[in-house]
Amino acid sequence: MICLMKKIVKWFWGHPPFLCVGLAFLLSVVMEILNRRSIGAGFGFLLLHPVYFLCNMLLILLTLLLSLLVRRRIFMLSLVSAVWLGLSITNFVLLGYRSTPLAAIDFYILKPVFSILKIYLTPVQMVLIALAFLLVIAGIVLIFLKAPRQHALYRSAFVSLAMTVVAVFSLTRFMVQANATSAGFANLAEAYSKYGFAYCFTVSLLDTGIGKPPDYTADVMVHLAQQIERVSEEGIPSSDQQENPADRDESKSAPNVIIVQLESFIDPNRLSGVAYSQNPVPVFDHLKENYTSGYLSVPAIGAGTANTEFEVLTGMNLDYFGPGEYPYQTVLQQKACESIAYNLKELGFGAHVIHNNTGTFYDRHLVFPHLGFDTFTSVEYEPCGQKSIGLV
């Protein structure tokens with residue numbers, strides 16, 4: 001058995017492209033075990049969904065084949081493998097604290113993450129993570145210095161890369177056309193579980209922002225503008241025709257409009273199997289029964305509440321964006337977006353927002369002006385002990 005294993009290893013070392021294939025297979029299995037937090041489920045993905053598994057394996061193989069283009073082949077293989085395993089381990093750890101898996105956008109929000117890291121990790125855990133990271137870096141450097149150099153295999157590299165690229169694009173195109181998978185995911189956790197870590201993370205890396213619709217033309221926009229104008233002429237006043245609250249009689253003054261987004265509140269009466277001696281939330285029930293109420297679908301659970309905030313303020317669906325994307329960290333850094341604040345300002349209202357975290361958390365100090373808010377009070381400027389959530 002030992003002799004057979006030695007012959008197999010020697011054969012793989014003598015055929016670098018096949019070495020990359022074997023390593024890609026092993027990495028895919030390990031990554032899916034970590035992604036599903038289960039050894040059985042990891043192998044189950046291979047056996048029950050071989051097409052999805054193959055797609056993930058080919059994506060990993062595509063990065064490993066780059067090692068054929070350099071003389072430090074062992075170093076490159078080690079570096080690429082360490083990156084994939086590092087991402088998978090990070091995803092494994094994250095899933096222990098939240099329901100949303102690791103996506104490329106998480107690296108855009110490292111700044112706000114560092115500010116709340118102490119809530120989830122103890123000082124000892126943070127030190128251990130830092131030490132593990134340094135050990136991996138030290139190991140990669142050591143391999144770079146000690147591993148032997150080999151001849152670059154340009155012909156094998158280009159042929160293997162070309163074949164893999166064609167296979168990846170053909171397979172993913174077939175899967176999308178067959179509705180077996182999708183470039184965008186309504187539920188990130190379900191997508192990672194169904195399609196695999198490598199594929200989903202790659203999509204989250206490449207697919208960001210909102211693509212231009214195929215029917216977005218000057219003629220279509222003119223037609224829409226004419227439709228809006230026609231509706232306005234039929235009885236719905238346009239913004240410049242509507243009454244300004246500041247010009248109204250004081251006896252008919254406009255109301256204050258307050259929106260509170262509170263993620264720490266639940267309705268205890270919805271907990272099954274729990275009884276109370278009296279109603280724990282009588283005021284909430286009174287408001288719910290006597291005024292307009294209902295349920296709201298949100299884009300995230302367990303994490304990503306900034307995206308829920310974005311959807312409520314703008315009415316824009318996060319499905320239009322890339323998988324796991326935070327518009328606060330991407331497009332809204334530079335561009336304005338229609339929002340309820342802008343809509344109310346057209347009616348003469350002012351717009352102010354309060355949030356009980358630092359102004360730089362998710363870059364709200366940059367984003368809120370692009371959402372139409374005139375002023376912003378973050379936790380640094382709130383009275384000591386005051387706990388405000390959000391106010392428009």
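**Aromatic rings, a helix face and positive phi**

Student: Which residues form one aromatic cluster?

Tutor: This is a predicted model, in which local features need pLDDT of at least 70, side-chain atom pairs count only at pLDDT 80 or more, and totals for chains, interfaces and linings use all residues. Residues are numbered from 1 along each chain as its sequence is written, and side-chain values use heavy atoms, with hydrogens and water left out. Rings of Phe, Tyr and Trp (its six-membered ring) pair if their centres lie within 6.5 Å; planes under 30 degrees apart count as stacked, over 60 as edge-to-face and the rest as tilted. One aromatic cluster is formed by F310, Y328, F368, F373 and F376.

Student: What is the geometry of the aromatic pair F197 and F201?

Tutor: The structure holds 14 aromatic pairs. One of them is F197 with F201, which is stacked. Both residues lie in helix α10, 4 residues apart, about one turn of the helix; helices (H or I, at least four residues) and strands (E, at least two) are DSSP runs, numbered from the N terminus. The separation is 5.7 Å centre to centre, and the angle between the planes is 20°.

Student: Is F197 buried or exposed?

Tutor: Buried means under 20% relative accessible area, exposed over 50%, and partly exposed in between (1.4 Å probe, protein chains only). The relative accessibility of F197 is 0%, so F197 counts as buried.

Student: Why do the buried residues of α9 line one face of the helix?

Tutor: In helix α9 (residues 188-195), the buried residues are L188, A191, Y192 and Y195. Seen down the axis of α9, they line one face because they fall within an arc of 95°. The arc is that of the directions from the helix axis to the C-beta atoms. The value asked for is thus an arc of 95°.

Student: Against which helices do the buried residues of α9 pack?

Tutor: Contact here means heavy atoms within 4.5 Å. The buried residues of α9 pack against α2 (16-36), α3 (39-48), α4 (50-64) and α10 (197-206).

Student: Over the ring of which residue does the charged end of R37 sit?

Tutor: R37 is found in the loop between α2 and α3, and its phi is near 55°, a positive value in a residue other than glycine. A charge sits over a ring if NZ of Lys or CZ of Arg is within 6 Å of the ring centre and within 35 degrees of the ring normal. The charged end of R37 sits 4.2 Å from the ring centre of F92.
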